[in-house]
Amino acid sequence: MMIIAEFFVVILKVLWAFVTAGARWVVRPKEKSVAGQVCVITGAGSGLGRLFAKEFARRRAVLVLWDINSQSNEETAEMVRQIYHETETPVAKDGPVGGVEEVPAFQPQVYTYVCDVGKRESVYSTAEKVRREVGEVDILINNAGVVSGHHLLECPDELIERTMVVNCHAHFWTTKAFLPKMLELNHGHIVTVASSLGLFSTAGVEDYCASKFGAIGFHESLSHEIKASEKDGINMTLVCPYLVNTGMFKGCRIRKEIEPFLPPLSPEFCVKQAMRAILTDQPMVCTPRIIYMVNFMKSILPFEAIVCMYRFLGADKCMYPFLAQRKEAMNNNEAKNGI
């Protein structure tokens with residue numbers, strides 16, 4: 001009898017989860033404050049990482065920027081400092097003679113570190129520097145990513161390994177570096193910037209899809225582990241955007257008649273949607289929302305039906321123009337170097 005009663009309680013909880021999830025679509029939850037919290041962003045030197053840094057700077061978080069490129073990372077840091085300066089507001093305080101004087105508000109800082117997340121020794125040593133020089137980390141944004149841009153049979157093994165290490169394995173290492181203190185304090189937030197190509201795949205980018213599927217699998221398993229440990233102060237957010245217009249997949253095209261209805265996302269829009277999810281502790285965000293439906297259909301439709309839909313949308317070979325451009329660019333570089 002006990003298990004039957006518990007089963008009905010589970011049903012009620014599941015139904016309540018549907019209600020609360022639906023309510024989030026109607027009533028926007030209040031965003032939490034991240035002012036003064038230490039936020040590590042990997043791949044902060046460009047693309048989405050730079051935009052995440054700017055958004056967190058506007059919210060007065062302490063930024064710790066990681067990138068393999070020192071110059072671009074410093075450029076992001078300078079943008080962050082400018083935002084800090086623009087958003088600085090003095091705080092009124094009672095003066096010594098009964099008057100009111102203005103004192104500077106808490107001034108967050110930005111720290112930059114050169115780190116190759118594809119090398120675990122670099123991740124662990126840089127994490128130790130962060131703890132020593134900045135303090136314990138509250139928010140971890142696993143954003144760094146690469147793409148090889150080769151068909152599988154033309155892709156050097158080294159590039160396949162690099163894609164897997166940066167896009168997937170690095171998440172293990174950054175999490176192992178910062179999660180223990182989060183668990184001790186029962187406070188923190190880990191964000192995985194993945195891709196819609198980690199939910200459903202396409203031809204020509206096998207290594208990239210595998211790495212993103214792996215990152216999502218890691219994220220989901222870690223989410224369950226944190227729930228099992230009953231650490232309700234640690235949140236997880238999975239970000240799965242459609243094709244983002246950062247230049248990473250330049251040349252990628254779906255069917256021209258469909259493209260106006262499903263154009264590449266602007267990076268700013270993508271990050272704003274992700275920030276809304278992070279600041280409201282939303283477990284997952286897919287942009288645009290049609291990605292939720294596509295992922296659901298992939299789970300229930302026969303494979304041949306999915307192939308038919310891919311061909312109709314032009315998604316089956318959408319990466320081929322991108323791969324051709326990358327190959328041509330590499331051939332041109334090799335020709336120049338040979339002259």
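The buried residues of helix α7 pack against α2 (47-58), β6 (139-142), β7 (188-193), β8 (234-241) and β9 (284-287). The model is predicted. A search of the whole structure also finds 4 aromatic pairs, and two of these are described below.

**Helix α7**

- Helix α7 covers residues 267-279, and its 13 residues should span 18 Å at 1.5 Å a residue; the end C-alpha atoms are 18 Å apart, which agrees.
- The buried residues of α7 are P267, C270, V271, A274, M275, A277, I278 and L279.
- An α-helix has 3.6 residues a turn, so residues three or four places apart point the same way.
- After α7 comes D281, which has a positive phi, near 55 degrees.

**Aromatic pairs**

- The search of the whole structure gives 4 such pairs.
- F172 and F218 form a tilted pair, because their ring centres are 4.3 Å apart and their planes stand at 35 degrees.
- F172 belongs to helix α5 (residues 157-185) and F218 to helix α6 (residues 206-228), so this pair ties together parts that are 46 residues apart in sequence.
- F172 counts as partly exposed at 36% relative accessibility, whereas F218 is buried at 14%.
- Y208 and F249 form an edge-to-face pair, because their ring centres are 5.0 Å apart and their planes stand at 80 degrees.
- Y208 is in helix α6 and F249 in the loop between β8 and α7, so placed that the pair links distant parts of the chain, 41 residues apart.
- Y208 is buried at 5% relative accessibility, and F249 is buried at 9%.
- Ring pairs join Y208, F249 and F322 into a cluster.

How values were computed
Residues are numbered from 1 along each chain as its sequence is written. This is a predicted model: local features need pLDDT of at least 70, side-chain atom pairs count only at pLDDT 80 or more; totals for chains, interfaces and linings use all residues. Side-chain values use heavy atoms; hydrogens and water are left out. Helices (H or I, at least four residues) and strands (E, at least two) are DSSP runs, numbered from the N terminus. The expected span of a helix is 1.5 Å times one less than its number of residues. Buried means under 20% relative accessible area, exposed over 50%, partly exposed in between (1.4 Å probe, protein chains only). Contact means heavy atoms within 4.5 Å. Rings of Phe, Tyr and Trp (its six-membered ring) pair if their centres lie within 6.5 Å; planes under 30 degrees apart count as stacked, over 60 as edge-to-face and the rest as tilted.
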